[in-house]
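We will go from stop to stop, with something to select at each one.

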Amino acid sequence: MRSFLSDHSSFNSAIFKKTIAFKTVSAMLATLLLGCQATEAQKNQPMAPDFGQNVLILDPGMSSTDIQGKLDALFKQQESNQFGPERYAVLFKPGVYHNKVKLGFYTQLLGLGQFPDDVMLQGGIQVEARWHEEDATQNFWRSVENLSVTPDNGTMQWAVSQAAPLRRIHVRGNMLLDDNGGWSSGGFIADSLIDQQINSGTQQQWLTRNSTVGSWTNANWNMVFVGVKNAPDGEHWPTPPYTVVEKTPLVREKPFLTIDGTGAYQVFVPALHTDTQGISWQQAHVAGETLPLSQFYIAKAAVDTADSINTALSGGKHLLLTPGIYTLNKPLQVTQPNTVVLGLGIATLKPVAGNVAMSIADVDGVKLGGVLFDAGEKNSDVLLQIGEHKGAVSHANNPTTLHDVFFRVGGAAVGNATHSVIINSNHVIGDNLWVWRGDHGNGIGWASNKTKHGIVVNGDDVTMYGLFVEHFHDYQTVWNGDNGAVYFYQSEAPYDVPDQQSWMNGSVNGFASYKVGDQVTRHKAIGMGVYCFFNDNTSVKLNSAIEAPVNAQIQFQRMTSVSLGGTGEITHILNNLGDAAKLGNEVVRMRAAP
């Protein structure tokens, strides 16, 4: 195990420290008072909604032994269940829990308090990769939100890769992001407070957004910090490869499920913010809107169809997708402005008739979060479409936002999708998207899980924080809209290219991962990593990782290309510029262009 230094760095200000301390004491006092009044309060509390059998609701009044037994049984089932159909959410009511959670696939942990410190998990959360010989590069599809963690050994281990977000958590100690030195390929933290040190270990790349950390140690290829208090020094890139953006230009945090003092369930929708740094919840009153659960249609995979869900959506309901796989023979249609679509337990949408899985109209303020789109065997032209076509409507004051939205083509079974996501609307904000053509599992092969592009952005003024796009046949990302911005990009070329002749863009070797359209006049991308590993033919080459028009208003900063193990070549980083990443020179960097 790598040595892990304990750093007791103070926060940026005494006022901030007092604010957090006050909330902690308040939460503990509230828990004690609630315990004294539990008998009377329970008589008057509303009944819990019917979330179905795959949502486990825990109460601090339950036996710690019983809770631990449930958590351990869930982990035993899900530890290595990478492509299984089971989905779960574990909801913690406010209070103190003396339990340690080991977290497996397709499991979400969610605190139901108003603030993270309302739920105190004394014991910790652990994600390791023992099931995969300490290699965490396949630890996907799990999440933790809105709770505080006191690790029993002082360090929360979170050895994960893509699609494993941490949001709105408070870690009272250190964090470690790998497993005993085994590889990991993450990852994403947002709106979180880590009191002491984060050790990224072997992580290949990572995005930390709007958080406060005690300190950070270690780096590999592409570590990006946007709006982070106490971020490491980024002036010496690439040694170490820290890219630091002081403030987040424009963001809305992900909506989340919570309960009020009477026990009534609600969904809190945070407000849109500009030029932010640090966590959103340090103030006593967080800006946003509280929606009663009565305004939501609670869907269940074993019961609901596209028709039943669309009837609710067209009637003005928001949508809560409980854990499960929803097989859809027609698109879910989100047509009303400000609709919230929130998935629990990595809720999964699977088209089965060659249809779009979800279409979002060109309207203001839709919020989509916590959903996995999984391609069906019959080819879909697109899995998620936002806006029917490119238009001129501005959504600058109330953009559609996408939070922890994931896409999969192949892996669980044969899947085919020409495009995973097409964004036609303007001003959309993406906040942690993993767009993945499967490279392992079931239904995998150059002619089996067929695709073209991962994501196509036609809308103007679209912003992405954490865009992961991997293994598609053609350009991974196509950006046709003007004034786009990307903060952190990670991509791998397809592993399974059979030979060079099968992967040619006219007379050019391969397709760039990131393609900016020739008509674009303004664009910027910061903190980019493009990798290759051509496992079927080591002589295959990709000419350029990035292609874009040459224009002073099209800017790229801090780009990295990597030939993983020297297996194949990326000849240039950008537009025939930069050295080749290949055997003997596996990692190549470029600071800025033009």
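A charge sits over a ring if NZ of Lys or CZ of Arg is within 6 Å of the ring centre and within 35 degrees of the ring normal. With that in mind, select Arg-408 and Trp-141: the charged end of Arg-408 sits over the ring of Trp-141, 4.7 Å from its centre.

Two notes before moving on. This is a predicted model, in which local features need pLDDT of at least 70 and side-chain atom pairs count only at pLDDT 80 or more, while totals for chains, interfaces and linings use all residues. Numbering starts from 1 along each chain as its sequence is written, and side-chain values use heavy atoms, with hydrogens and water left out.

(Rings of Phe, Tyr and Trp, the last by its six-membered ring, pair if their centres lie within 6.5 Å; planes under 30 degrees apart count as stacked, over 60 as edge-to-face and the rest as tilted.) Tyr-106 lies in the loop between strand S4 (100-102) and strand S5 (107-111), and Trp-141 in the loop between strand S6 (119-127) and strand S7 (142-151), 35 residues apart. (Strands are DSSP runs of E, at least two residues, numbered from the N terminus.)

(Buried means under 20% relative accessible area, exposed over 50%, partly exposed in between, with a 1.4 Å probe and protein chains only.)

Now widen the selection to Phe-83, Phe-105, Trp-131, Phe-140, Trp-434 and Trp-436: ring pairs link them with Tyr-106 and Trp-141 into a cluster. At Phe-105, look for Arg-142, whose charged end sits over the ring, 4.4 Å from its centre.

Next, select residues 265-270, which are strand S19. Which strands form a sheet with S19? The order is S18-S19-S21, an open sheet of 3 strands with antiparallel pairing. (Two strands pair if DSSP finds at least two bridges between them.) At the edges are S18 (256-259) and S21 (288-292), each pairing on one side only. S19 and S21 pair over 5 bridges, and Val-267 stands opposite Leu-291 in S21.

For the last stop, show Phe-256 in strand S18 and Phe-268 in strand S19, 12 residues apart. Their ring centres are 5.8 Å apart and their planes are at 50°, so the pair is tilted. Both Phe-256 and Phe-268 are buried.

How values were computed: Helices (H or I, at least four residues) and strands (E, at least two) are DSSP runs, numbered from the N terminus.
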